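Welcome! Please take a moment to look over the structure below, and then we will walk through it together.

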Amino acid sequence: RCEGRVEIYHYGGQGTVCDDDWDLNDAEVVCRQLGCGFAVSAPSSAYFGQGTGNIYLDDVRCTGNESSLFQCRHGGWGVHNCGHSEDAGVVCSDDFLRSLPAYLSDCVLNYLSPKATRLQLVNGRHRCEGRVELYYKGQPGTVCDDFWDLSDAQVVCRQLGCG
C-alpha cells in the first residue's frame, strides 16, 4: 500500500510537509499525484516517523481536486512554524507497483516500496527534463523503455509538477 511521510525532493534538497491544517483533501491530492488511488487517511504528528532537513510546506489547504500538492494553497515555500514532530503523512488505497502499468513495473530495476520511493529526472537541462530514475533506500533504478510512450511521460511530468 502507498503510505508514509510526505517528503518533497527539490533541487537536490529534501524536506517534509507540516501537518497544520493537514486533512483528507490534502492526502487525496498526494495519493493522486503518486498514482496511488484515493486517500484512506491523513496521519499527522509524524505518524510515520520524523523526517530530517527542511520543512517546505505548512498550512496546506487543498480542495482535493488538484493534480499536484504544489497547486494547493499553503503558507509559502519554506515558511512554517513546525518541527519534524508535526510531519504529515498519507495512507492511500493502492500499491505503488500496482498503480504502474504491468510492463513498466516489470522493468523497474530496484524493488520498490511506496514508503521510501521517489522519482526524479536526471541529466536534463532543467528539473523537468531528463532520464527517469526511481530511488529506493538511496539507490537509483532506471525504467526501461519497452512500450514507453507519451502517456507514460505525461504521468511522470504530472507527478513532478512539470505540467
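In this report, two residues are in contact when they have heavy atoms within 4.5 Å. Please keep in mind that this is a predicted model.

## A valine and its surroundings

Let us begin with valine 90. Setting aside neighbours within four places in sequence, valine 90 is in contact with Cys2, Glu3, Gly4, Val6, Trp22, Ala27, Val30, Cys31, Ser41, Pro43 and Phe48.

## The nonpolar cores

Valine 90 also belongs to the largest nonpolar core, which has 20 residues. It is listed there among the residues with the most contacts inside this core, together with Val6, Val17, Trp22, Leu57, Val60 and Leu69.

## A sheet of three strands

Next, find the open sheet formed by 3 strands in the order E2-E3-E5, with mixed pairing. At its edges are strand E2 (7-10) and E5, each of which pairs on one side only. On average, and ignoring direction, neighbouring strands of this sheet are turned by 45° against each other.

E2 and E3 are antiparallel and share 4 bridges, and histidine 10 stands opposite glycine 13 in E3. These two strands form a hairpin with 2 residues between them, and tyrosine 11 in the turn has a positive phi of about 50°. Strand E3 (residues 13-17) and E5, in contrast, run parallel and are joined by 3 bridges. Here valine 17 stands opposite leucine 57 in E5; both of these residues are also listed among those with the most contacts inside the largest core.

## A closer look at threonine 16

What joins the side chains of threonine 16 and histidine 84? The link is a polar contact of 3.3 Å. Not counting residues up to four places away in sequence, threonine 16 touches Arg5, Val6, Glu7, Gly51, Asn54, Ile55, Tyr56, Leu57, His84 and Asp87.

Note on methods. Residues numbered from 1 in each chain as written. Predicted model: local features only at pLDDT ≥ 70, side-chain atom pairs only at ≥ 80, totals over all residues. Heavy atoms only, no water. Core = buried A, V, L, I, M, F, W, Y, C linked by side-chain atoms within 4.5 Å. Buried < 20%, exposed > 50% of the residue type's maximum accessible area, 1.4 Å probe, protein only. Pairing = 2+ DSSP bridges. Axes fitted to C-alpha atoms, helices over the stretch in contact; angles between N-to-C directions. Polar contact = N/O pair within 3.5 Å; in protein donor to acceptor, adjacent residues only side chain to side chain.
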